[in-house]
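Here are my notes on this one, for you to check against the model. Have a look at the fold before reading on.

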Amino acid sequence: MEIKHLRSFVTLAEELHFGRAARRLSIVQPALSMQIKLLEEELGVSLFERNRHSVALTEVGAIFLPEAQATLHQAAHAADIARASGRGEIGRVRLGFVSSVLPQLLPTLIRTLHERFPRIELQLKDMSGPEQAAALKSGQLDFGLMRLPAVIPGIQTLEVLRETFLVAFPSDHPLATRETLHPSDLADIPLLILARRYAPGFHDGLMQALAAQGTQLQIGAELGEFTTMLALVSAGLGVGLLPANAGRALPANVISRPLELGDYRATTGLAWVGLESAVKVNAFNLISSLFAADS
């Protein structure tokens, strides 16, 4: 049973006129008659009652019609899925991210991807930079959003976000009277910072930028998440040093002030191993175009 025979049957069933049906199908009337005959012979039934003046569905034809229509619909759907998949409009993208991109960058990406490619499934995994690197190399992730610099053999990166730094502290802290802070203002205060093992390049770059300002800071504790850092600040257990986007949603009774570090910025990058599929190419192009202006 060929799709073209089913299409001819459904068209004739809708028109009940060989001439009109043939014109809709862009074939000659004898070809349509032959296709209907072949279909009836294959099924071993009569689908139409016809004479010189009229064409009508038989009882069998009327029962067969919705099944044939459903088959044509499913065939068209399958063809659409295949073509859309080939264009990278259907598929799955597995994205790792560091939690500090949650307030702004990640929601923008999710919303825009859904608008432009509603049939791409985005799977999100909250992971540290080193965990993302391992997952990218093992094929468990397609992309990662991680702290830069991250020089990792086999992994490519593209800067997508640059951020200034903030100091977060309880609202009743003496620093609350200041509009902007210099590293020297923090010299005698034990600070909460992101642990080096979670983002070595980020940690080292920050320490170098602080040293360049002539300040050697006291480290109170090294933590794995900026959300944990802010919770401790909210509890009055320390003062935190973090990138601006990580401090966009502050807990109750926590305030922040900009930290003057000259031209130094924290950077976040898109990381990947390869772009071997159309869906990965579409995701990469969307992300890079979305955040090029921020880099």
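Is N253 buried, partly exposed or exposed, going by its relative accessibility? I come back to that in point 5.

1. First, the ground rules. This is a predicted model, in which local features need pLDDT of at least 70 and side-chain atom pairs count only at pLDDT 80 or more, while totals for chains, interfaces and linings use all residues. Numbering runs from 1 along each chain as its sequence is written, and side-chain values use heavy atoms, with hydrogens and water left out.

2. Overall shape. The protein has nine helices and 12 strands (DSSP runs numbered from the N terminus, H or I of at least four residues for helices, E of at least two for strands). Its radius of gyration is 32 Å, well over the 19 Å from the globule rule for 295 residues, so the protein is more spread out than a compact globule (taken over C-alpha atoms; the rule is 2.2 Å times the number of residues to the power 0.38). The C-alpha trace spans about 105 × 40 × 30 Å along the principal axes.

3. Of the 295 residues, 44% are buried (buried is under 20% relative accessible area, exposed over 50%, partly exposed in between, with a 1.4 Å probe and protein chains only). Among contacts with a separation of 6 or more, 74% join residues 24 or more positions apart (contact means heavy atoms within 4.5 Å).

4. Helix 1 against helix 3. The axes of helix 1 (residues 3-15) and helix 3 (residues 29-43) come within 9 Å and cross at roughly 110° (lines fitted to C-alpha atoms over the stretch in contact, angles from 0 to 180 degrees between N-to-C directions). That makes helix 1 roughly perpendicular to helix 3 (the label covers 65 to 115 degrees). On the helix 1 side, K4, H5, S8, F9 and L12 meet L32, Q35, I36, L38 and L39 of helix 3.

5. Backbone spots to check. Most residues other than glycine have a negative phi, and most peptide bonds are trans. N253, not a glycine, has a positive phi of about 60° and sits in the loop between strand 10 (239-243) and strand 11 (254-259). To settle the opening question, N253 counts as partly exposed, at 40% relative accessibility. S26 also has a positive phi of about 60° without being a glycine; S26 lies in the loop between helix 2 (18-25) and helix 3 and is exposed, at 66% relative accessible area.

6. The L148 to P149 peptide bond is cis, with omega near 0°. P149 is in the loop between strand 5 (143-148) and strand 6 (156-163).

Technical notes: Angles under 35 degrees count as roughly parallel, over 145 as roughly antiparallel, 65 to 115 as roughly perpendicular and the rest as oblique.
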